[in-house]
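Good morning, everyone, and thank you for making time for this.

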Amino acid sequence: MIRALTAFVLIALAAVACQGAGSATSRPDIIIASDLPLSAFGGPDEIVALEQAIGFAIRQHPTIEGYELDYWSLDNALGAQHSQLRGRANVRRMIANPSVLGMVGPHSSFIAAVQMAEANQAHLAMVSATTTSDCLTVAERPCSPTAASLRPASTNNYFRITPRDPLQGKAMANYASTKLGLRRVAAFNEYGSEGSLYINEFAKEFAVHGGTLVYQQTYDDTPDDFSAFLIQAKARGADAIYAAAESSQNACLAAAQMSGLIRGAVFLATDGITLHPDCMADLGSSPPEVWATYGYVNPTTSGDPVVVKQVAAYRKAYPKASDVGPYSFAAYDSARILIDAISRAIKANGGKLPSRAQVVTAVAETNNFVGLTGTYSFDKNGDALSPMMSIYKVHDGRWEFVQVHRFVS
């Protein structure tokens with residue numbers, strides 16, 4: 001048994017050591033790396049689609065200002081789970097390779113918590129397509145680690161093109177007031193301190209358009225009976241309910257109960273329910289109108305001919321349905337932002353290869369970069385100034401895209 005265990009460990013270590021730089025056959029001048037849970041349990045097609053999109057962007061730009069560019073894809077899963085240990089080891093490998101001038105990632109806020117500080121000290125530029133926790137950039141609630149502790153060098157090297165999670169409340173309030181004509185909303189929160197931020201953003205934006213948050217309640221557990229809350233909401237004249245909650249926290253069950261207690265009311269929610277198939281079962285046979293936000297923006301909904309052409313080129317290279325998942329094109333845009341920044345850094349450095357710090361400076365100076373999923377510039381914290389978010393609704397028992405919401409800085 002000991003010999004078998006020893007052999008297993010050696011094989012596992014060898015697998016880590018053998019992660020390579022894509023299909024590179026020689027040492028490239030510049031490497032853009034990524035760190036994805038490629039072998040994690042659940043959603044492997046979605047993660048592989050991210051890897052493909054990053055690789056596709058880099059193959060479209062095999063050189064930057066005459067320097068050879070390659071892609072280095074690393075896997076941060078261990079035992080089929082997202083692993084902070086593996087994520088930290090991977091970012092250290094990137095730092096140890098002087099050719100790595102940027103990273104698409106982190107992939108999840110959970111992994112970011114152990115990667116960002118080390119990358120910051122090494123001045124390694126990180127452009128994330130998928131992390132959304134407000135704790136990574138701002139100090140609006142108690143966070144551990146804090147955004148400041150993730151930047152020990154006292155400069156910022158982390159940038160993201162997705163909106164911070166609480167901004168879902170702002171997007172939903174804008175749509176609810178300007179498109180649905182709602183004026184009185186009650187809210188419940190199962191997200192703790194983060195959920196309070198969602199609801200605060202909702203309330204502020206709703207008030208701008210003449211709406212009022214008439215009542216709110218926080219749940220410390222996962223109830224299966226929301227009737228007491230709904231009765232209070234009805235007594236205060238609520239014409240809608242806003243839920244900062246997940247499908248797994250019975251958010252859609254609350255919507256079904258609402259349809260019986262507050263007839264004609266509308267249910268509004270976050271990406272905790274959007275596109276979740278189990279939500280449909282909880283909604284029942286006579287669901288209310290349900291609307292929800294989602295951080296992903298699908299460029300196939302754009303009528304821009306340039307975007308349509310780029311998407312078509314990607315689909316020609318990757319024709320399977322599973323080749324496009326949530327955030328695939330956001331990952332593509334993140335790689336292109338890095339390529340653009342490295343190009344500008346080389347020019348600013350007189351045609352010589354730039355330092356990592358010079359690349360970070362170039363990313364920070366990104367100005368109205370036109371991507372497939374939006375047009376991007378960044379604030380001092382690394383958040384996109386005008387990120388975009390999608391609005392979905394339930395129609396005939398399925399989720400249907402409605403429109404894109406763009407945040408104006």
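This is a predicted model: local features need pLDDT of at least 70, side-chain atom pairs count only at pLDDT 80 or more; totals for chains, interfaces and linings use all residues.

Let me begin with an open sheet of six strands, whose order is S2-S3-S1-S6-S7-S8 and whose pairing is mixed. Its edge strands are S2 and S8, each of which pairs on one side only. Two words need care here: strands (E, at least two residues) and helices (H or I, at least four residues) are DSSP runs numbered from the N terminus, and two strands pair if DSSP finds at least two bridges between them.

Residues are numbered from 1 along each chain as its sequence is written, and side-chain values use heavy atoms, with hydrogens and water left out.

Now to another sheet, also open, in which seven strands follow the order S10-S9-S11-S12-S13-S16-S17 with mixed pairing. At its edges are strand S10 (212–218) and strand S17 (398–406), each pairing on one side only. From one strand to the next the twist averages 20 degrees, where axes are lines fitted to C-alpha atoms, for helices over the stretch in contact, and angles run from 0 to 180 degrees between N-to-C directions.

Which strands does S9 pair with in the parallel sense? One partner is S10, over six bridges, and Arg-184 has Thr-212 as its bridge partner in S10. Between these two strands the chain crosses from S9 through helix H6 (residues 193–208) to S10, and this β-α-β crossover is right-handed; that is to say, with the strands pointing away from the viewer, the path from the first strand over the helix to the second runs clockwise. Another partner is strand S11 (residues 240–244), which pairs in the parallel sense with strand S9 (residues 184–189) over five bridges, and there Val-185 stands opposite Ala-240.

By nonpolar core I mean a set of buried Ala, Val, Leu, Ile, Met, Phe, Trp, Tyr and Cys residues joined through side-chain atoms within 4.5 Å, and buried means under 20% relative accessible area, exposed over 50%, and partly exposed in between (1.4 Å probe, protein chains only).

Next come the charged pairs. A search of the whole structure finds 11 salt bridges, each being a side-chain nitrogen of Lys or Arg within 4 Å of a carboxyl oxygen of Asp or Glu. In one of them, the side chains of Lys-347 and Glu-65 meet at 3.8 Å, N to O. This pair links distant parts of the chain, with Lys-347 in helix H11 and Glu-65 in the loop between strand S2 (63–64) and strand S3 (67–75), 282 residues apart. Lys-347 counts as exposed because its relative accessibility is 54%, whereas Glu-65, at 41%, counts as partly exposed.

The side chains of Arg-141 and Glu-194 form another salt bridge, at 3.9 Å, N to O. Since Arg-141 lies in the loop between strand S7 (125–128) and strand S8 (158–160) and Glu-194 in helix H6, the pair ties together parts that are 53 residues apart in sequence. Are these two residues, Arg-141 and Glu-194, buried or exposed? Both of them are buried.

Finally, consider Ser-386, found in the loop between strand S15 (375–376) and strand S16 (388–395). Why does Ser-386 count as buried? Ser-386 counts as buried because its relative accessibility is 12%.
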